[in-house]
Amino acid sequence: MAASDADSHPQNVGFRTLSLSAHVGFDSLPDQLLRKSIKHGFCFNILCIGETGIGKSALMSSLFNTDFEDSPSTHFLSSVRLRAQTCELQESNVLLKLTVVKTVGFGDQVNKADTYQPIVDYIDAQFEAYLEEELKVIRSLFSYHDTRIHVCLYFISPTSRSLKNIDLLTMRSLDSKVNIIPVIGKADSISKTELQEFKKKIMSELVSNGIRIYQFPTDDETFSEMNTIINGYLPFAVVGSMEKVKIGNKMVRARQYPWGIVKVENESHCDTIKLRRMLCTNMEDLKEKTCAYYESYRRCRLEKLGCRDVGPENKLVRFRKEWRQKLLQRKTVF
């Protein structure tokens with residue numbers, strides 16, 4: 001193999017660029033990764049935050065064509081609870097382990113000051129569980145069921161003219177821990193004109209309050225144009241239903257009213273299909289950003305244990321005996 005001119009590849013400064021004189025075979029690496037991923041399967045965890053009866057279960061059922069209906073929630077809980085459901089879905093030969101976590105009793109309390117705290121604690125608990133597995137002497141991260149939340153669908157009530165204080169407080173406490181995608185639940189309850197004005201109002205309030213929401217990435221040429229357009233639809237106006245309605249010769253999932261029919265899978269009626277497409281298209285990006293949130297949590301936890309990468313003189317510090325002792329005692333510290 002002959003060396004090529006390094007000056008023709010300025011991005012590879014310090015590296016030798018060689019041209020192959022014959023086929024080697026490492027171009028099969030992507031195929032190997034694909035086969036391994038399909039064999040092992042994928043996991044994806046969704047957190048749904050919203051008031052009781054806003055349509056969380058109906059939307060999840062519509063997105064994944066699976067019945068996520070559970071027992072009715074009461075409005076008289078003393079605090080917010082979180083209910084998790086895990087199921088395995090298979091499409092073609094691809095297996096997805098999907099976990100849906102829904103809030104129960106969110107916004108029903110008279111004193112809503114700390115309504116968001118159980119949600120924050122739950123997200124941190126999943127980070128903590130992963131950190132515990134990561135710090136084990138004998139660990140099995142490959143087969144470990146990762147329960148870290150990859151995306152939070154925040155349901156906004158369509159009856160409000162603006163975001164409520166509880167919405168602002170909750171999203172502000174979560175935007176540094178999880179990818180937030182705001183959605184307007186039961187969006188068919190207001191007119192299209194009101195809906196567009198409501199979307200603009202929500203985005204304006206999020207910006208003015210410094211709340212960061214997930215933006216679909218535009219740096220990938222394959223999805224750049226589509227994601228740029230979709231970012232303009234935020235927050236998504238969603239409608240969920242598993243009921244079938246006969247329209248012509250076809251049965252479609254829809255909600256039927258005296259004034260007409262709202263088709264769940266019609267993009268001119270609601271954004272449910274847009275949301276599904278974006279979740280599936282950007283699933284890996286959502287997981288990568290979750291890893292970044294976890295790294296921030298992990299750094300803070302280890303720093304509290306006295307672990308540092310550099311010492312007093314800014315010199316690289318090895319994994320010292322004192323650190324190992326602190327990590328062995330972490331269960332009493334955490």
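For the class counts given below, Ala, Val, Leu, Ile, Met, Phe, Trp, Tyr, Cys and Pro are taken as nonpolar, Asp, Glu, Lys and Arg as charged, and the others, Gly among them, as polar.

**Figure 1. Overview of the predicted model.** The structure shown is a predicted model, and its chain contains ten helices and eleven strands. Of the 334 residues of the chain, 40% count as buried. Among contacts in the chain with a separation of 6 or more, 65% are accounted for by residues 24 or more positions apart.

**Figure 2. The largest pocket and its lining.** This pocket has a volume of about 600 Å³, and of the 20 residues that line it, those closest to its centre are His40, Cys43, Tyr144, Asp146 and Lys287. Strand S3 (42-49), strand S5 (94-104) and helix H8 (283-304) each contribute at least two residues to the lining of the largest pocket, with H8 giving the most, four residues. Sorted by class, the lining of the largest pocket comprises eight nonpolar, five polar and seven charged residues.

Figure 3. Lys56 belongs to helix H2, which spans residues 56-64, and because its relative accessibility is 8%, Lys56 counts as buried. Two backbone oxygens face its side chain: that of Gly50 lies 3.2 Å from a polar atom of the Lys56 side chain, while that of Glu51 is reached by the side chain of Lys56 at 3.1 Å. When neighbours within four places in sequence are left aside, Lys56 is in contact with Cys48, Ile49, Gly50, Glu51, Lys102, Thr103 and Phe155.

**Figure 4. The largest cavity.** A search of the whole structure finds one cavity of 30 Å³ or more, and the largest cavity has a volume of about 40 Å³. Strand S6 provides the largest share of the lining of the largest cavity, three residues. By class, the lining of the largest cavity is made up of five nonpolar, two polar and three charged residues.

Figure 5. The largest nonpolar core has 62 residues, of which Ile46, Met60, Leu98, Leu153, Ile181, Phe236 and Leu275 touch the most other members. With neighbours within four places in sequence left aside, Ile46 is in contact with Met60, Phe64, Leu98, Thr99, Val100, Val101, Val151 and Leu153. Phe64 lies in helix H2 and is buried, because its relative accessible area is 17%, which falls under the 20% cut-off. Phe64 and Leu98 are 34 residues apart along the chain, and their C-alpha atoms are separated by 9.5 Å.

**Figure 6. Helix H7 and the elements that cover it.** In helix H7 (residues 272-281), the buried residues are Thr272, Ile273, Lys274, Leu275, Met278 and Leu279. An α-helix has 3.6 residues a turn, so residues three or four places apart point the same way. The cover over the buried residues of H7 includes H2, strand S6 (151-156), strand S7 (180-184), helix H6 (224-231), strand S8 (236-237) and H8.

**Figure 7. Ile184 in strand S7.** Ile184 is located in strand S7 and is buried, because its relative accessible area is 0%. Not counting residues up to four places away in sequence, Ile184 touches Ile156, Pro158, Leu195, Phe198, Lys199, Ile202, Pro235, Phe236, Ala237 and Val238. From C-alpha to C-alpha, Ile184 and Leu234 are 9.4 Å apart in space, although 50 residues apart in sequence.

**Figure 8. Glu205 and the backbone of Leu163.** Glu205 has its place in helix H5, residues 192-208, and counts as buried because its relative accessibility is 13%. The side chain of Glu205 reaches the backbone nitrogen of Leu163 at 2.8 Å. Once neighbours within four places in sequence are left aside, Glu205 is in contact with Ser162 and Leu163.

How values were computed: Residues are numbered from 1 along each chain as its sequence is written. This is a predicted model: local features need pLDDT of at least 70, side-chain atom pairs count only at pLDDT 80 or more; totals for chains, interfaces and linings use all residues. Side-chain values use heavy atoms; hydrogens and water are left out. Buried means under 20% relative accessible area, exposed over 50%, partly exposed in between (1.4 Å probe, protein chains only). A polar contact is a pair of N or O atoms within 3.5 Å; within protein, one must be able to donate a hydrogen and the other to accept it, and residues adjacent in sequence count only if both atoms are side-chain atoms. Contact means heavy atoms within 4.5 Å. On a 1 Å grid over the protein atoms alone, a cavity is a set of points where a 1.4 Å probe fits but cannot get out, and a pocket is an open set with protein on both sides within 12 Å along at least five of seven lines; lining residues have an atom within 4 Å of a point. Grid points are joined across faces, edges and corners, and a volume is the space filled by probe spheres set on the points. A nonpolar core is a set of buried Ala, Val, Leu, Ile, Met, Phe, Trp, Tyr and Cys residues joined through side-chain atoms within 4.5 Å.
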